[in-house]
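This report describes parts of one protein structure.

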Amino acid sequence: AETMVPTNVKVEANGTTVTLSFDKVVGMTNYEIYRSKDGGAYRQIKRTSATTITSSGLKAGSTYQFKIKAFRLVNGEKVYAPEVETSPVIIE
């Protein structure tokens with residue numbers, strides 16, 4: 001079986017809010033969203049079934065990057081698709 005990853009990933013800043021969107025991953029039910037600030041460590045900010053996520057209250061002058069990890073539950077265990085990293089977005 002081919003492992004699907006999030007495609008058509010878009011990350012757009014509007015003021016201090018970033019909107020992250022991507023196409024639904026076939027066979028996956030949920031997504032873990034991670035955020036990195038100024039090249040720091042990734043921290044999980046959301047676990048959701050939605051394919052559009054907003055991250056607000058970001059700091060002007062900082063650069064953020066996001067990671068999307070799609071997963072499904074198989075016998076109660078998480079099975080992950082390969083993670084996808086967004087391009088960096090600078091908050092003006």
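How many bridges join β1 to strand β2? Five bridges join β1 to β2 (residues 17–21), and the two strands run antiparallel. Strands are DSSP runs (E, at least two residues) numbered from the N terminus, and two strands pair if DSSP finds at least two bridges between them.

The model is predicted, so local features need pLDDT of at least 70 and side-chain atom pairs count only at pLDDT 80 or more, while totals for chains, interfaces and linings use all residues. Residues are numbered from 1 along each chain as its sequence is written, and side-chain values use heavy atoms, with hydrogens and water left out.

**The sheet.** Three strands form an open sheet in the order β1-β2-β5, with antiparallel pairing. Because β1 (10–14) and β5 (52–55) each have a single partner strand, they stand at the edges, and one side of each has no neighbour in the sheet.

**Ser36.** Ser36 belongs to strand β3 (residues 30–37). A polar atom of the Ser36 side chain lies 2.8 Å from the backbone oxygen of Gly40. Not counting residues up to four places away in sequence, Ser36 touches Ala41, Tyr42, Thr63, Tyr64 and Gln65 (contact means heavy atoms within 4.5 Å).

**Accessibility.** Buried means under 20% relative accessible area, exposed over 50%, and partly exposed in between (1.4 Å probe, protein chains only).

| Residue | Relative accessible area | Class |
|---|---|---|
| Ser36 | 4% | buried |
| Asn8 | 44% | partly exposed |
| Asn75 | 79% | exposed |

**Positive phi.** Asn8, in the segment before β1, has a phi near 55°. Asn75, in the loop between β6 (63–74) and β7 (77–80), has a positive phi of about 50° although it is not a glycine.

Definitions and conventions
Helix = DSSP H or I, 4+ residues; strand = E, 2+ residues; numbered from the N terminus. Polar contact = N/O pair within 3.5 Å; in protein donor to acceptor, adjacent residues only side chain to side chain.
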